[in-house]
Amino acid sequence: MSRYARARKIHANTVEGRRAVLEALRAERNIERLLIADGIDVGNQIQEIFSLAESADITVERLHRREIDRQSQTKKSQGVIAVLPDTRYVNVEDIIFEADNRSQTPLIVVLDGIVDPHNLGAIARTLDAAGGHGIIIPQRRAAGISPGAIRASAGALMHTLVSRVVNINRTIEYLNTLGLQTIALAADADTDYTQADLTIPTAIVVGSEEKGVGRLALQRCTASMSIPMHGQLASLNASVSAGIALYEAVRQRSSI
């Protein structure tokens, strides 16, 4: 039996694409094995992938490109797939500890109803760039860490702490008890996002494009803020809204 026939279908979590796999290796994620297409162009990224995999004693399986494509969950693997045993969701407290370990004021994003993995990935990428500490998502009816989300994040989800909770509303209340400001992005909020104080411990609550932040979640937030809209559209993409708010926090904190 050929090695191609022996290749087993993946039923675990995967990271796919050269950049995303490279970031997973750099982040020292627990990778079970790497699948690499035979005949792949060996540029700088692939060379580093091989080097880091060898250093971490990770098994590399060379497969026919058709087999790689069959194994791929995103169908955009670029000939490189990392197989992970789990997605490493963390506790909410771990995100707070991350800020404390960095001696920084917590900056968290809470996602209420984001179902598009590309939005989750884009928000993770911006959070990482902004130096934020983690993302909180609900277990049900929401995007989670997936190959598509990881790819959309350009690998940032490999460096981002993500907590998956049973109930977002109760989690917002819990963050309040921990001393964080929970501030929702809401179109009808009276406070402009540039006027909100984002220098204090903050969890920015972002809702879906269709419904925004849910009513019960909004009621539990300590404040809300809006992003002015001067054009013809009534709202922004959720990941764009989160990015604007995160970098306002960066601006305010850098001026202290």
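Ala, Val, Leu, Ile, Met, Phe, Trp, Tyr, Cys and Pro count as nonpolar, Asp, Glu, Lys and Arg as charged, and the others, Gly among them, as polar. The model is predicted.

Q: What makes up the lining of the second largest pocket, by class?
A: The lining has 11 nonpolar, six polar and four charged residues. Nearest the centre, among the 21 lining residues, lie Leu 185, Ala 186, Ala 187, Gly 212 and Ser 235. Leu and Ala count as nonpolar, whereas Gly counts as polar.

Q: Which strand and which helix each supply at least two residues of that lining?
A: They are strand S9 (202–207) and helix H10 (238–254). The volume of this second largest pocket is about 410 Å³.

Q: What volume does the largest pocket have, and which residues are closest to its centre?
A: The volume is about 590 Å³. Of the 20 residues that line the largest pocket, Asp 112, Gly 113, Pro 138, Arg 140 and Arg 141 are the closest to its centre. By class, its lining has five nonpolar, eight polar and seven charged residues. Asp and Arg count as charged, Pro as nonpolar and Gly as polar.

Q: Why is strand S6 called mostly covered?
A: A residue is buried when its relative accessible area is under 20%. In S6 (residues 134–138), five of its five residues are buried. Gly 134, Ile 136 and Pro 138 point one way, Ile 135 and Ile 137 point the other way, and all are buried.

Q: What makes a right-handed β-α-β unit with S5 and S6?
A: Helix H6 (residues 117–130) does, together with these two strands. The path from the first strand over the helix to the second runs clockwise when the strands point away from the viewer.

Q: Why are strands S1 and S3 said to stand at the edges of their sheet?
A: The sheet is open, with four strands in the order S1-S4-S2-S3 and mixed pairing. S1 (13–16) and S3 (59–63) each have a single partner strand, so one side of each is left without a neighbour in the sheet.

How values were computed. Residues numbered from 1 in each chain as written. Predicted model: local features only at pLDDT ≥ 70, side-chain atom pairs only at ≥ 80, totals over all residues. Heavy atoms only, no water. 1 Å grid on protein atoms, 1.4 Å probe; cavity = no way out; pocket = protein on both sides within 12 Å on 5 of 7 lines; lining within 4 Å. Points joined across faces, edges and corners; volume = space filled by probe spheres on them. Buried < 20%, exposed > 50% of the residue type's maximum accessible area, 1.4 Å probe, protein only. Pairing = 2+ DSSP bridges.
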